[in-house]
Amino acid sequence: MKVPTISQSLEAPTGDGGTWRMVAEDNQEWQLAEMIDAIAAEVDRAEDTLALKSYARRVSFAVKALKLDLSVTVRRSGDGGVWFRTMMPGESGGTLLNLDFSQILESQLSELRAPLESSTAQPLHTLPGIREREIQALAAVSIFSLGDLERYTRAAPLMAEVGRKTGIPEHKLRRWRKLPALLSISPPGGASGDTVVVRGTHLGRQPPPGATVLFQERPAEILDWGETHMTVRIPPDVSGPGTLYAVLEGEPTNLLSWEAHTQARRGTAHEGSAREHVPHGRKSPRSGRRPLRSPRKPRHR
Amino acid sequence: MAAIPLANLLTLFIEGLVDQRERASPEAALRLLVEEVELQVPLFLHLVADGATAAPESSRRLLLTLPDVREAPAPRALGRLRVTLVPRSGEPTPVEEEAES
């Protein structure tokens with residue numbers, strides 16, 4: 001049987017019976033804060049995965065408490081930091097480290113999603129421009145009303161997940177939710193220092209405080225802003241294909257594919273619309289890796 | 001050695017419990033509903049780089065390795081995961097649904 005690599009195995013569908021492999025070289029050192037962040041992210045991932053299913057299945061469970069007893073080695077670095085590494089099979093003499101996450105998880109429970117009974121009954125066909133097949137695609141993931149749609153798309157990762165499962169472009173879901181959405185870029189490529197216009201909806205008349213537009217994760221200078229457009233300057237040090245998105249009031253928008261040209265190609269970019277970046281499911285590309293999904297909003301606990 | 005990320009293990013646990021509750025239909029003569037599950041699993045736990053992930057907050061994954069039953073792990077090498085799972089609050093049990101109807 002072919003044994004997948006770590007990166008492949010991490011993206012294997014849950015419950016598929018696939019085999020994961022762990023090798024000693026992958027066991028990294030960590031500081032306590034990193035471990036706590038990683039555990040919180042794992043719980044988030046599990047909750048994200050289960051969120052849609054819970055609505056479709058009427059019942060669900062939550063993690064009430066999580067405790068870890070870890071056998072670790074401890075090292076003090078030259079700068080005074082304390083580094084841990086968990087023991088591998090066959091090693092002995094470790095230090096026991098107990099981590100109790102009950103309090104963190106209690107706070108997660110308190111922010112549970114609204115119960116099913118509170119769903120607003122306004123039907124989906126009242127949404128502007130919605131098609132019958134889109135209504136059917138939403139119904140297939142148990143979205144039958146505007147209230148369902150609002151709850152299912154409350155967080156950026158869930159919005160992307162609904163888009164993937166229904167085949168409905170994320171910008172369309174965002175327009176229905178009256179959330180900021182990016183539609184296109186003109187031109188769809190350019191060199192550092194060039195000016196591009198990003199078309200969108202519900203962007204606001206003025207950029208909200210702290211608004212950022214990111215080309216390949218690098219912030220761009222904002223030159224002009226309107227309800228349906230923003231003009232920005234391509235930041236330095238970007239190259240090749242990548243993605244563009246904005247962070248408005250702490251919430252990431254949808255992604256658009258975009259390509260940075262070299263200086264030699266400047267001026268050859270044709271006018272047009274960049275296509276929306278559509279991830280193909282959590283278990284695919286980025287993530288030949290896992291597919292690129294909507295930027296995850298950091299959760300602070 | 002077989003391993004699984006923590007998030008995937010939690011998902012598997014919870015999906016199994018949801019299946020059980022869904023099978024406890026109102027028509028059943030005897031209804032046993034799981035109200036709280038506490039699991040204590042001996043395992044090796046490793047923090048590994050998820051090279052496929054760009055987002056900084058998810059750049060590391062927690063990989064759990066269950067010990068091979070044919071091996072005798074060295075003393076104190078094994079860690080332990082203890083997790084308590086409860087039904088999500090605010091949802092009716094099958095018994096409550098029947099009483100309401």
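Predicted model: local features only at pLDDT ≥ 70, side-chain atom pairs only at ≥ 80, totals over all residues.
Local features need pLDDT of at least 70 and side-chain atom pairs count only at pLDDT 80 or more, while totals for chains, interfaces and linings use all residues; side-chain values use heavy atoms, with hydrogens and water left out. Residues are numbered from 1 along each chain as its sequence is written, and chains are lettered from A in the order in which they are written.

**Nonpolar cores**

- A nonpolar core is a set of buried Ala, Val, Leu, Ile, Met, Phe, Trp, Tyr and Cys residues joined through side-chain atoms within 4.5 Å, where buried means under 20% relative accessible area (1.4 Å probe, protein chains only).
- The largest nonpolar core has 35 residues, of which Met35(A), Ile39(A), Leu66(A) and Leu70(A) touch the most other members.
- Among the elements that give two or more residues to this core are α2 (32-57) of chain A and α1 (6-23) of chain B, and α1(B) gives the most, with 7 residues.
- Apart from this core lies another, of 20 residues, including Val196(A) and Leu244(A).

**Strands around β11(A)**

- Strands (E, at least two residues) are DSSP runs, numbered from the N terminus, as are helices (H or I, at least four residues), and two strands pair if DSSP finds at least two bridges between them.
- Strand β11 (residues 240-248) of chain A runs antiparallel to β7 (residues 212-215) of chain A, joined by 4 bridges, and here Leu244(A) stands opposite Phe215(A).
- β11(A) also pairs in the antiparallel sense with β13 (residues 256-260) of chain A over 5 bridges, with Ser257(A) as the bridge partner of Thr243(A).
- β11(A) and β12(A) form a hairpin with 2 residues between them, and Glu249(A) in the turn has a positive phi of about 50°.

Definitions and conventions: Buried < 20%, exposed > 50% of the residue type's maximum accessible area, 1.4 Å probe, protein only.
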